[in-house]
Amino acid sequence: MRNVNVNEPQNQQSCQTSVTSSTTHELKIKQEYAIEYYAGRKPWELRKNDRNFKVGDTINFTIIETGCKYSRDIEYIFEGGEYGLEKGYCILTMSGYRYCL
């Protein structure tokens, strides 16, 4: 196990917290996961980072089973390559929950 000093900045490439220009992404999601978002139990999303996600971007989700749409904003990104998360994948912390018309 690796010792981590919480007072020292860690690998700056592992996370992104600054907001730059934003992009809107269109993604599909299973209904079971959308329900967890709506209930407030799952404020994150594990995705392949093939879209160059950035803090401040918006994701418009389409629920596969129903076609309903909603959007969320990216607040934090943990990029893979360490701590067991495969390189090329990321965990997105999301906020907001807006229905899209």
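## Rings and core at a glance

Tyr37 is buried, and Tyr70 is buried too (buried means under 20% relative accessible area, exposed over 50%, and partly exposed in between, using a 1.4 Å probe and protein chains only). Keep in mind that this is a predicted model, where local features need pLDDT of at least 70, side-chain atom pairs count only at pLDDT 80 or more, and totals for chains, interfaces and linings use all residues. Residues are numbered from 1 along each chain as its sequence is written, and side-chain values use heavy atoms, with hydrogens and water left out.

**The aromatic cluster**

- There are 4 aromatic pairs in the structure; rings of Phe, Tyr and Trp (its six-membered ring) pair if their centres lie within 6.5 Å, and planes under 30 degrees apart count as stacked, over 60 as edge-to-face and the rest as tilted.
- Tyr37 and Phe61 make a tilted pair, because their ring planes sit at 40°, with the centres 5.9 Å apart.
- That pair links distant parts of the chain, with Tyr37 in helix α1 and Phe61 in strand β4, 24 residues apart (helices, H or I with at least four residues, and strands, E with at least two, are DSSP runs numbered from the N terminus).
- Tyr37 also pairs edge-to-face with Tyr70, at 6.2 Å centre to centre and 65° between the planes.
- Since Tyr37 lies in helix α1 and Tyr70 in strand β5, this pair ties together parts that are 33 residues apart in sequence.
- Put together, ring pairs link Tyr37, Phe61 and Tyr70 into a cluster.

**Charges over rings**

- The charged end of Arg72 sits over the ring of Tyr37, 4.8 Å from its centre; to count, NZ of Lys or CZ of Arg must be within 6 Å of the ring centre and within 35 degrees of the ring normal.
- Lys42 lies over the face of Trp44, 4.4 Å from the ring centre.

**The nonpolar core**

- The largest nonpolar core has 15 residues, and Phe53, Ile59, Phe61 and Leu92 touch the most other members (such a core is a set of buried Ala, Val, Leu, Ile, Met, Phe, Trp, Tyr and Cys residues joined through side-chain atoms within 4.5 Å).
- At least two residues of this core come from each of β2 (24-29), α1 (31-38), β4 (58-63), β5 (69-79) and β6 (89-99).
- Phe61 is buried, because its relative accessibility is 0%.

**Out in a loop**

- Gly81 is found in the loop between β5 and β6, and it counts as exposed because its relative accessibility is 54%.
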